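The sequence and structure come first.

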Amino acid sequence: MTALAEFLDEYAKALRRHLDSPTQGTLAEGYELGRRALVEGISLLDLNEHHFRVVQAAEHDAGLGKPDSRLAESALEFLLQTLAALDIATRGYLDGVGRYEQQRTRADDLAGRDAFRTALVESLQDGFFVADSQGAIIEVNSAFGALTGYGAADVPYPLPHPWSMPEGPRYPDLGTEALRFVIPIRHRDGRSLWLAVSTSALVKPENNERIFVGTIRDVTAEHDAQARDQAASRLATAVGAATSVVEVLAVGLDELRRTVGAQTAVVSVWPSRHVEPEVYVSGAEGANGPESAELDARARAMLDRARRRPGRSLFAIPEGTDSSEGIVAPLGETGDAALWLRFAAPRAISAADWTLFSLLIGHLSLAVQRARNFDQARSTSLTLQRAMLGPIELPPRFSVHYEPALPPLEIGGDWYDVVPLRDGTIGVVVGDCVGRGLSAAVVMGQLRTAAQALLLRGAGPAQLLAELDTVAGRIPGAMCTTVCAAVLDPVRGLVRYSSAGHMPPILADVDATGRLLEGGRSFPLATFETPRRPEATTALTPGSTLVLFTDGLVEQRGVDIDDSFAKIADVLSGTSAKLPREVADAVLSRLRPAAGYDDDVAMVVYRQPPAPLRLEVPAHADELAALRRTLKAWLAAAAVPHDLASDLVAATNEACSNSIEHAYRNGAVPTGRPESTDRSMGRVARALRDPSGDVNRVELTATCNTETVVITVEDAGSWKPRSADPGYRGRGIDMMRALTEELDIDHTGPGTRVRMSVTLPAITFPVANPLRGINRRITG
C-alpha cells in the first residue's frame, strides 16, 4: 500500500469516528492528520476529494435521502481542523517569500549603494582610508596609493605603517582628541612629504566593532612655504641687531647652518686684491673641511670663483650631479665675499631646497651689506668724533680710555686731552660737561679746543681754568662743567694741578696704595666769579702711576663714592709693573657695573719713569734666567711696549751671554770686589771663583727718560775677537744691532762695555675699529 493510500485510509477512519461521535479527541486526530499531510506532502486536492467521498458514504450508510445539517457541520469541523496545520505552514511560507523578496530588494539596493560609494571614494582627490580599532589600514583608495606609494593591493598595513618615518614625530592615536593633524611621511620612492590627516570614528552595527575612516592631503608645499617663512624670520631676527660683519656672521652662519642641515658654513671675505681672505667658520670640521679656519687650495679657488658670480646666484658642488656635497654662493653685492655650505653627507637638492637656500642666503647677504654700510658710516663717524675727542697719538707712558653712556655714539660730554709742550712738560686736561649725547659733545668740543690753545700758549693749570671760565660763560650749556688740569714734568718728577669741581686724581707710588690729590680745588666753570683759581704741586716718585678720570667711573647707584675711590687705590697698589694700558683695563674691570656704566667715562693713566735698574751678577749661565725676568719686569714698569721689551730682553741676554762665554775664557780677572748681596734681585749672588778666590762678574744697568731707554752691560774681561767667518755661531752682535736703534761696544777701558738704546714710540690709537678679523672660528 502506498503512503497516500495509507494516509487516506486512516483519514477515512478518523472522520467516521468523528461523525459518529464528535469530541475534542476526534478533532485532535484531525489536526494531527493535517500535520502528517504537511510532512508527507499530501496534496490538498487529494485530501478534499477523499473527505467529500467519505462524507457521501456516511450519509448513504445512514439512509439519509437528503443532506443532514448536523453531519455536514461535523464533517466541516473535522476538515477545518485538518487544514489548520496546512494553513499555518502556507502563511509562513508566504511570509518567508515576502521577507526574501524584501531582503533581495534591500541587497540589490545595498549593492548599488556600494558601487556608488566605491565610485565616489575613487573619485576623491584626497586619499581615503579605513582603519580598524588597532590602527591597521584595511582599505584605501587609489589617491591614497598615489600620495604614499602604498595602494590597495597590499592592504592591510599594520602599525608601524611602512610610510612612517622613524626619526619623525609619533602619530597621534586614532580616535583621540587629535582628529586632525599633520605628519611627515616617507614615500615609497624615497621622497619626504607632509600630509594633513582628518579622521572620524564609526561603529559597525553587525558586530559593534569600532573603525576609523579618514582622508589625507598633500600639504608639503604649504609646510615648506611656512618653514621657509619661519626660517627667514629667525635669520632676520638673529642678525637684526648686528651692526658689524663679525656680529652678523657670528649669529647668521650658525642659524643658517642649522636651518639647512649643513655640517659646516664657511665665509671668505677679501678686504682687497692684495691680501689673503678673511675666513669665518661655523660648525664642526670634517675630513674635507677647513682645518684651523684655513682653506685648502680647492676650497679657496671654489670660493674665489663663486664671489665673482652675479649676486643671488648659487650652485651645487660638484656641478652636474644628482647628489651634492654642498652649495656655494656669492655673499653681498660687492664681489668680495662668498659662502660655502658643506653637508655632512652628499644629498639630492630639491626645488624646495633651492628656494629655501636662495631665500636664506639673500637675507644673510642683505645683513652683511647693511653691516658693511654701518661699518663705513661708523668709521667715518669715529674719525670725526675721535678727532674732536682727543689726540690719536700720545706720548710714551700714557694710556687713555673713553666709554660713552649712549652707544653707538663714540663721544659725549666727557673729554680728555694730552698735549706735549715746548719745555718738555706735558699738559693733561680731563673734563665733564653737564648732560650727555651729541648736545653735550658740542659743548665739550668747544671747551677742549679752548683748553688746548691755552696750554700751547703756556698757561699753567690755575690760569687755564681761570681763562676757561670766561670761555664757558659764552657757550650755552657749558655752565657747571667740571675740569681737572695738570702739567706733568717727567724730568723733575713734579705735577702741578688745579680742579674746577672735578674728581680728584689718584697717585700711587711703587707697590703702594693710591692716594687722592685733593689740593687746588675750586668751583665748576661758569658758576661763581672767583678772584683766582688755586693750584697744587705734588712730587711724582720714580715708577709712580697717576690716574685722572671723570665721575662716570666712580659714581654708581647704591655705591658710596669713597668705596669706588678705595677700589681704584687698591688696584693701583698691584699694577706698578704693568703697562699703563693694562692699568686702565684693571681699573675698569674692577669698577664696571654689571649693567654697564650709566654715564660717560673718560680716563687718563700716566706712568712716571722708574728708578734705574742696576744688577751685578756672577758670570755664569745659570744667572741669565733671573736676569731676564728682572729686566722684563723693569721694562713693563717703564711702560715699554711688550714687543719692544722682548727685543731689548733678547739683545741684553745676548750681550750678557757674550760676557759670560768670552770675557773670562782665560780664567778669572782680579777685580778686587768682595762678594756682595744683590739687592735688586733680593738674594745673595752666587760667586763663580777661580782657585785664587777672585770673582768674575757681569754688571747690567738700565735707565730711561721721557723718550729713551738705555741698557749697558759691562764686564772686567775682554771679548774674543770676531772671526771673519763666524759660521753658524758668532751672530750675536748682528742680532743686538738689529734689535736696537743704537749699539756701541767699547773695548778701550779695562773690560768690555756694551751700550744699547731705543726710542719709545708714541702710543697710537686706531681712528676707527671696523671689528673685522682674520681666520676666526665663530662658533662650535
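## Cysteines

Cysteine 656 is buried, at a relative accessible area of 1%. Buried stands for under 20% relative accessible area, exposed for over 50%, and partly exposed for values in between (1.4 Å probe, protein chains only). Cysteine 480 is partly exposed, because its relative accessibility is 37%. The structure has 0 disulfides, a disulfide being a pair of cysteine sulfur atoms within 2.5 Å.

## Basis of the values

The model is predicted: local features need pLDDT of at least 70, side-chain atom pairs count only at pLDDT 80 or more, and totals for chains, interfaces and linings use all residues. Residues are numbered from 1 along each chain as its sequence is written, and side-chain values use heavy atoms, with hydrogens and water left out.

## Valine 428

Strand β14, residues 426-432, contains valine 428. Helices (H or I, at least four residues) and strands (E, at least two) are DSSP runs numbered from the N terminus. Valine 428 is buried, because its relative accessibility is 1%.

Beyond neighbours within four places in sequence, valine 428 has contacts that include Phe398, Cys484, Leu488, Leu548 and Val604; contact means heavy atoms within 4.5 Å. Its C-alpha atom lies 4.7 Å from that of valine 418, 10 residues away along the chain.

## Helix α11

Buried residues in α11 include Leu464, Leu465 and Leu468. The buried residues of this helix pack against β14, α10 (437-457), β15 (482-489) and β16 (494-500).
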